[in-house]
Amino acid sequence: DLVKEAKAVVPDIDPEDVKSLIGRDDVLIVDVRDDGEVAATGKVRGALHVSRGMLECRGMDNAYHNEAFSKDKTIILYCASGGRSALGGKALLDLGYKEVRNLGGFQAWVDAGGDID
């Protein structure tokens with residue numbers, strides 16, 4: 001139910017649309033999968049890896065904040081299937097981020113021919 005709720009408030013974004021956004025200063029792509037998943041498959045080219053458990057800490061103004069996070073940017077999240085990225089997106093919206101999108105699962109990116117690091 002929590003994932004369904006999160007997916008209802010975090011808009012999806014198509015892999016083809018993300019391709020044109022890679023490298024823009026006003027866009028941050030975040031991989032919220034666990035370390036082992038990223039090590040096994042790589043990640044979207046240019047994406048920042050922040051595991052789902054640390055996302056709020058990296059996005060909040062505290063000692064763990066990552067400077068790449070800015071409320072002026074469009075934040076695009078993805079995971080393995082789209083559930084964790086939806087939950088993370090909702091958490092960022094709750095923190096005051098305005099432009100948050102869910103790319104969904106990593107395999108959809110691969111299937112769309114997206115570049116991988």
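Over the ring of which residue does the charged end of R33 sit? In this predicted model, the charged end of R33 is placed over the ring of F106, at 4.3 Å from the ring centre. The legends below describe close-up views of this site and others.

**View 1. Stacked pair of Y78 and F106, with R33 over the ring of F106.** The ring centres of Y78 and F106 are 5.9 Å apart and the ring planes form an angle of 25°, so the pair is stacked. Y78 belongs to strand 3 and F106 to helix 6 (residues 106-111), so the pair ties together parts that are 28 residues apart in sequence. Y78 counts as buried, at 0% relative accessibility. F106 is also buried, with a relative accessible area of 6%.

**View 2. Edge-to-face pair of F69 and Y97.** A search of the whole structure finds two aromatic pairs. In the pair of F69 and Y97, the ring centres are 6.4 Å apart and the planes stand at 80°; because planes over 60 degrees apart count as edge-to-face, the pair is edge-to-face. F69 lies in the loop between helix 4 (55-59) and strand 3 (74-79), and Y97 lies in the loop between helix 5 (83-94) and strand 4 (99-105), so the contact ties together parts that are 28 residues apart in sequence. Both F69 and Y97 are buried. The charged end of K71 sits over the ring of Y97, 5.6 Å from the ring centre.

**View 3. Packing of helix 1 against helix 5.** Helix 1 (residues 2-9) packs with helix 5 at an angle of about 60°, and the two axes are 8 Å apart. This angle makes helix 1 oblique to helix 5. The crossing in which helix 1 passes helix 5 is left-handed. From helix 1, the residues L2, V3, E5, A6, K7 and V9 take part in the contact. Their partners in helix 5 are G83, A86, L87, K90 and L93.

**View 4. Surroundings of R45.** R45 is located in the loop between helix 3 (35-41) and strand 2 (48-49). With a relative accessible area of 37%, R45 is partly exposed. Leaving aside residues up to four places away in sequence, R45 touches I22, D115, I116 and D117. R45 and E5 are 40 residues apart along the chain, and their C-alpha atoms are separated by 29 Å.

Note on methods: Residues numbered from 1 in each chain as written. Predicted model: local features only at pLDDT ≥ 70, side-chain atom pairs only at ≥ 80, totals over all residues. Heavy atoms only, no water. Phe/Tyr/Trp six-rings, centres within 6.5 Å; stacked < 30°, edge-to-face > 60°. Helix = DSSP H or I, 4+ residues; strand = E, 2+ residues; numbered from the N terminus. Buried < 20%, exposed > 50% of the residue type's maximum accessible area, 1.4 Å probe, protein only. Lys NZ or Arg CZ within 6 Å of the ring centre and 35° of its normal. Axes fitted to C-alpha atoms, helices over the stretch in contact; angles between N-to-C directions. Parallel < 35°, antiparallel > 145°, perpendicular 65-115°, else oblique. Left-handed = near helix turned anticlockwise from the far one by under 90°. Contact = heavy atoms within 4.5 Å.
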